[in-house]
Amino acid sequence: MRIDKFLANMGIGTRKEVKQLIKAKAVTVDGKFVKDSGQQIDPDVADVRVYEEQIAYKPTIYLMMNKPPGVISATEDHRDKTVVDLLDEDVRHYDLHPVGRLDKDTVGLLLLTNDGDLTHQLLSPKKKVPKKYYAHIDGVVTEEDVKAFANGVEIGEGYITKPGELHILESASLSKIELIITEGKFHQVKRMFEAVGKEVVYLKRLEMGSLKLDESLAEGDYRELTEDELNQLKLN
């Protein structure tokens, strides 16, 4: 990899800015000043430093976000703020994308990464990765609804959902439930409850595969996955 590409990818600056750093003799590789911005290095073994500060190579990154309401699960949008807009500059250069999407008013667990292989693994219908939600429902949720969800409900255009695991936490005029599904159709949870004559008024994703929302994260905050979280996620 070219040294200027390496430093740009690690967020040190644009390639033009990196050239200026090299010209100022601020960049060393294995203790030697870099003279050519096109110098090739092995990023896995090279000791790269800028102003004597070592630059660690991290080609991929995995962030858990507690998505707040009012932002969309996209990389850019001309009208609304996106989850990427919530990221600090020190991670934006990784060209991150959300893994799947949560509706604009839905909160909770959202994974952002630049690992396309893991994204495909988690979103592939063949993998049937479970996603767990907590919701407030306008209407009394009953055991009949539990049975309906277990059999699959029609959510429009003749599509019948795969079985969903509905748990009633509180059955009242404003019910509280948890729901586990293995697919991610557009507005699926909301459409499933519409199919049984009820309305979702609050929706929060708690889990995706083995990954569980860190409840210590305030809405809008994020952190990198731990090594154990990442290893378990990749085992799904």
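Q: Which residues does UniProt list for "domain: RNA-binding S4"?
A: The unreviewed UniProt entry gives residues 1–59. In this predicted model, that stretch is 27% helix and 17% strand, with its end C-alpha atoms 12 Å apart.

Q: What are the bounds of domain 1, domain 2 and domain 3 in the domain assignment?
A: Domain 1 covers 3–54, domain 2 covers 62–125 + 214–235, and domain 3 covers 131–208. The centres of domain 1 and domain 2, taken over C-alpha atoms, are 29 Å apart.

Q: What makes β1 and β3 a pair of strands?
A: Pairing requires at least two bridges. Strand β1 (residues 27–29) and strand β3 (residues 48–50) are joined by 3 bridges and run antiparallel, so they pair by that criterion. V27 has V50 in β3 as its bridge partner.

Q: Why are β2 and β4 at the edges of the sheet?
A: The open sheet has 4 strands in the order β2-β1-β3-β4, with antiparallel pairing. β2 (32–33) and β4 (53–54) each have a single partner strand, so one side of each lacks a neighbour in the sheet.

Q: Is S73 buried or exposed, and how do you know?
A: S73 has a relative accessible area of 16%. The cut-off for buried is under 20%, so S73 is buried. S73 lies in the loop between β5 (62–67) and α3 (89–92).

Conventions
Residues are numbered from 1 along each chain as its sequence is written. This is a predicted model: local features need pLDDT of at least 70, side-chain atom pairs count only at pLDDT 80 or more; totals for chains, interfaces and linings use all residues. Side-chain values use heavy atoms; hydrogens and water are left out. Helices (H or I, at least four residues) and strands (E, at least two) are DSSP runs, numbered from the N terminus. Buried means under 20% relative accessible area, exposed over 50%, partly exposed in between (1.4 Å probe, protein chains only). UniProt positions are given in the numbering used here, feature names are shortened, and annotations may be inferred rather than shown by experiment. Domain bounds come from an automatic or database domain assignment.
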